[in-house]
Amino acid sequence: MSVVDRFANWWANRHEYAKEWKARTGGKVLGYFCTYMPEEMIIGAGILPVRILGSHEPQDVTEPYIFGMFCPFCRDCLAQGLKGRFDYLDGISIAQSCLHIRQSYTSWKLHVPVDYSYYLCMPHHVQSPSAKPFYRGELEAFKKSLEEWTGKPITDQDLNRGIQIMNRNRQLMRQVYEYRKQPNPPITGLEAMQIVISSQMVDKEEHSRALEELLAELPDRKLNRNTGARLMLVGSEDDDTEFLKMVESVGTTVVVDEHCTGTRYFWDDVVPNTDSLYAIAARYVDRTPCPTKDWPERRRFPRILQFAKDYGVQGAIIIQQKFCDPHEADIPPLTAYLKEHGIPTLFLEFDVTVPVGQFRIRVEAFLETLSQEDLF
Amino acid sequence: MMATFTGNDTNMGAGLKRYPTKPLDCWKKAKELRQRYYEQYAAPGKLRWAGSAWALDPIPAGLGEDVVHLTGEPYAAAIAFNKDFAVRCQEAAEAHGWARDLCAYFRTYIGGMFLDEYAFGGKYPKPDFCFTGHICCTHGKWYELVSEYKKVPYVAIDVGVGASGDLNANKIDYVVNQAHEAIEYLSKATGREYRDDLLIEACKNLFRSTSTWAKVCCLNKNIPAPLDEKSMHSLYVLGTLDRTDKEFADFYDEVLEEVKDRVAQGIAAIPVERCRLMTDSQPPWYFLHFYRYLEQFGAVSVGSFYVNTLEGAWEDKPDGTWGARTTPMEKGIEIRTRDQALRLLAEWELSRPQWQTFYDPQLKTDLLIRMAKEWSLKGFILHYNRGCEGTSSGIAENRLGLMKAGIPVMTYEANMGDEREFDEPRTLARIDSFMESLGFPKQ
C-alpha cells in the first residue's frame, strides 16, 4: 500500500485502527468533539485522542435527543455513538466551542456509556488578554482530572513530549501543504484532506512517520492529471471526501483550505514556554479561530486571504454545514471580503449527504465564471 | 409513565370553581416605563449603547448618568409583535445574505438596521458603542456586525465559563478581568471618566430587581395563581430592558406588593384554574393568544423556565424550596470598590439558572422537575424554538427527562420571531390533544 493510500485507509478504517491500537498498547482512547481540544495533554497522558466525526449516512436515531434545527454534523456525530460505532472509547471530552456540537457531547454522556467525560471550558473571547491565563487555569483542572482517571501523574516532561509530538506532526503537515503551492501540485485536495483527517484519529507519531515517507516521495511524485482551476475550501467542518472527489473531477484542484479538518486544525504550533500549560493554552487561544470565537474583530479573514494569495487561489468554495450559526454569521461579510480582494466565491450548504449531481452543476457553472475573462 | 405524576389537584372533581379576577393595577405603569425606555434611547443628547439583554449592563452605567441603551432581544421581540414590520426586517436581513435559520432576534434587529427604521418611530438610532455578553453562538457576532455596519466601538465579555456548580476563582477572575478591560476600553472610546459610584448603584439595582422578580414568580406557587404567563411576559420584559435602573427596580417592588395583595385576596389570573402548566423558551410573540386558548380548557400557564429565570435570581432556601436569591445588600455586604462590585456582579450573573442550560441539559431538566412540583403543575409545554439556538439547546433532552420523571409534556415547533415558520392550526390541534390526554376537555 502506498503511503498516500495508507492515510486514506486509516480514515476509512478508523475504528479498526483504534481497536487495534488499544489491543496493542493497552492504553485508553478518548473521543473528542472539537479541534479546540488540547491533544498535547491527552498524548502526554499516554491516551489516544480520536476525533468523533460522522459517517455521512442518513440516520434516524438522533431525533429524540437533538432538535432538528441543529447542524447535521453534530447529529451525525451523536448517531455514531448511539449506533455503537465508537464502543471502544474509554472516555469523551469536548473543548467548549459551538452549541451544536456541545449537544452531541451532552447527549452522548447521557445515552452512551463511557467511563470518563470532561467539559473543558475553552474561552470564547480569545482576543481578550485574560483568555490565556484563564485557559491555563482550566487546563490545570483538566490535567488533574486526567490524572485521576488514569491514576498516573502528568509531568512537565509528559506535557513537553505531547507538545513535541503535536508540533512535529503540524510541521510535517505544513511541509506537505507547501507542495500544494506548486503550479502542478503533486498531491490533490482529496489526498490532503485524507492526510489531515487521519491525523485526528491515528497515533500522531505513527502518522508523522508516514508524513516523512510521503515528504520523501513528493519531490518526484507526478499526478497524471491537469491541475485546472486552483480552488480553496473554506467554512464549517468538512470531511466530505465524496464531494471533494467530485470537485477535483471537473477540472480543478483544491490547493488549500480553511476549515477544521484542514488548516484550522493543524496550522499553528505550540510556542515552547517554561510553563507548558500556558504554552498549550496560548496555542489554542491564538490559533485561527472558529467564527464562534472570532470577535470583536474578524481576525480569521486576513488569514484566509493570505492562504488564497500564498497558494495562488483563483476561487473559493465556501461550504457551510446546514444550520451552522457560527459560519452563517461570517459568510456574508467573508464573501464580500473575498470579492473585494478579487477572490470569487461559490457558496454551498452541506448536509450529512450532499446532492453531488446538483453540486457538480454548480461547481461547473462556477468554473465557467472563473474562465469568463479567457472567453472575452 | 405519564399518568403517574399528578401534582396537587386543583378543582378536579369538585365542579368548576370560579375565582375572582381583575386586571393588574401596575399594568399602565409597566407600559409607560417600556415606552419611555424606547423613547429615551432615540432622544438626542444621550450616550447610547446597543447590546444584549444578557450583557453585564451595570458596566456601561458607570460612564455617566446620561447613558441609555437598546437591548436587542426585547427590541426584536417587540418588532415580532408588529407582523408587517417583522417580515420586512427579516426579508431585509435575508436580502443582505443572512441565513434564514439564524437567531430570529438577530435577523429582525439587523434587518431593521439595514432598513434604517426604528420600531418606535424614526430612523434606527445609531449607537455610540456596542457592548454585549457572549454565551450562545450569536451575541458576540451580532454586535460585531452592528459595530462594523455603524462604525462604532465594540467590546464584549465572554460569560461562558461553565455551570454555576463548577464556578471557581479562575472562572470568576476571567469574567472580572474582562470587565476591567471593558471599562478601560469604554472610558477611552467615549472619552469619559469612569464613575464607580454609578457602577455600584447599577449593580445594587440589578441585584434587587432580579431577586424581586424571582419573589414575584414564587407567588405563583399559590393556588389560584395570581399571574398568568402572558401577563408575566409584560412585566419580566422590564428586567430585560433595564434591570440596573432604580425606577425599574422600584417598579418591581410595586409589582411584588400588588401580587402579594392578589394572593391575600385570592385574586386569580383567570377565573377557572383547573390545570396549571408551564412552558419553556420564548413564546412565539405573534401567538400570544395561545395563552387565551388555554383558558378554554381551564388551563393557566403559571410561568415558564424562561420567564422565571431569564431575569430572576434564584437560590435554594433553608426549607428546601427554590426561592429568590438573597441580595448582597440583604446580607449586609457594603459594596465599596469597583473590583468588589464586579466580583459580586460576575458571581451573581454566572449563577443565572437560564445560563446553566448551555452546559448540560440535565441541569435544566432537574430544575423543570423541581418547578413542576413546587408550582403544582400538571405538565409542561415545550416550545421547540427555531428562532433561538440558546433556549432550544438540549430541549429534546429536557422532554425526555420530564417524561422519565412522569411529567406530561407537549412540544410544538415554531419560531419566537419569525411567523413564517409557524403552523398555528397544527399547534392548536396539538394543544387540544394534550389537554384531552390530561383529562381537561374544552369547557
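In the predicted model, Pro296(A) is located in the loop of chain A that runs between helix H12 (276-286) and helix H13 (300-310). Most peptide bonds are trans, and most residues other than glycine have a negative phi.

In chain A, His56(A) has a phi near 60°, which is positive although the residue is not glycine. His56(A) belongs to the loop between strand E2 (48-51) and helix H4 (72-82) of chain A. With a relative accessible area of 24%, His56(A) is partly exposed, because the class of buried residues is limited to values under 20%. In chain B, a positive phi of about 75° is found at Ser281(B), again not a glycine. Ser281(B) sits in the loop between strand E5 (275-280) and helix H11 (289-295) of chain B. Its relative accessibility is 1%, so Ser281(B) counts as buried.

The overall dimensions of each chain were then considered. Chain A contains 17 helices and eight strands. Its radius of gyration is 20 Å, close to the 21 Å given by the globule rule for 376 residues, and chain A is therefore as compact as a globular protein of that length. The C-alpha trace of chain A spans about 70 × 50 × 45 Å along its principal axes. Buried residues account for 64% of the 376 residues in chain A. Of the contacts in chain A with a separation of 6 or more, 76% are between residues 24 or more positions apart.

Chain B contains 18 helices and ten strands. For its 443 residues, a compact globule would have a radius of gyration near 22 Å, and the value of 21 Å for chain B agrees with this. The C-alpha trace of chain B extends over about 70 × 55 × 40 Å along the principal axes. In chain B, 64% of the 443 residues are buried. Contacts between residues at least 24 apart make up 77% of those in chain B that join residues at least 6 apart in sequence. Chain B exposes about 15,200 Å², and 50% of this area comes from carbon and sulfur atoms. The 53 positive and 62 negative charges of chain B have mean positions that lie 3 Å apart.

Aromatic contacts were described next. A pair of aromatic rings is described by the distance of the centres and the angle of the planes. With ring centres required to lie within 6.5 Å, the count over all chains is 54 aromatic pairs. One of these is formed by Phe67(A) and Phe70(A), an edge-to-face pair with 6.5 Å from centre to centre and 75° between the planes. Both Phe67(A) and Phe70(A) are buried. Another edge-to-face pair consists of Phe114(B) and Tyr149(B), with a centre-to-centre distance of 5.0 Å and 75° between the planes. Phe114(B) is part of helix H5 (residues 104-115) and Tyr149(B) is part of helix H6 (residues 139-150) of chain B, so this pair ties together parts that are 35 residues apart in sequence. Phe114(B) counts as buried at 13% relative accessibility, whereas Tyr149(B), at 37%, counts as partly exposed.

Tyr118(B) lies in the loop between H5 and strand E3 (129-134) of chain B. At 4% relative accessibility, Tyr118(B) counts as buried. Not counting residues up to four places away in sequence, Tyr118(B) touches Tyr38(B), Tyr41(B), Ala42(B), Leu70(B), Tyr75(B), Lys123(B), Tyr124(B) and Pro125(B). Leu377(B) is 259 residues away from Tyr118(B) in sequence, and the C-alpha atoms of Tyr118(B) and Leu377(B) are 40 Å apart in space.

Technical notes. Residues numbered from 1 in each chain as written. Chains lettered and ligands numbered in written order. Predicted model: local features only at pLDDT ≥ 70, side-chain atom pairs only at ≥ 80, totals over all residues. Heavy atoms only, no water. Helix = DSSP H or I, 4+ residues; strand = E, 2+ residues; numbered from the N terminus. Rg over C-alpha atoms; globule rule 2.2 N^0.38 Å. Buried < 20%, exposed > 50% of the residue type's maximum accessible area, 1.4 Å probe, protein only. Contact = heavy atoms within 4.5 Å. Areas by Shrake-Rupley, 256 points an atom, 1.4 Å probe, with all protein chains shown as cover. Lys, Arg positive; Asp, Glu negative; His and termini not counted. Charge placed at Lys NZ, Arg CZ, Asp CG, Glu CD. Phe/Tyr/Trp six-rings, centres within 6.5 Å; stacked < 30°, edge-to-face > 60°.
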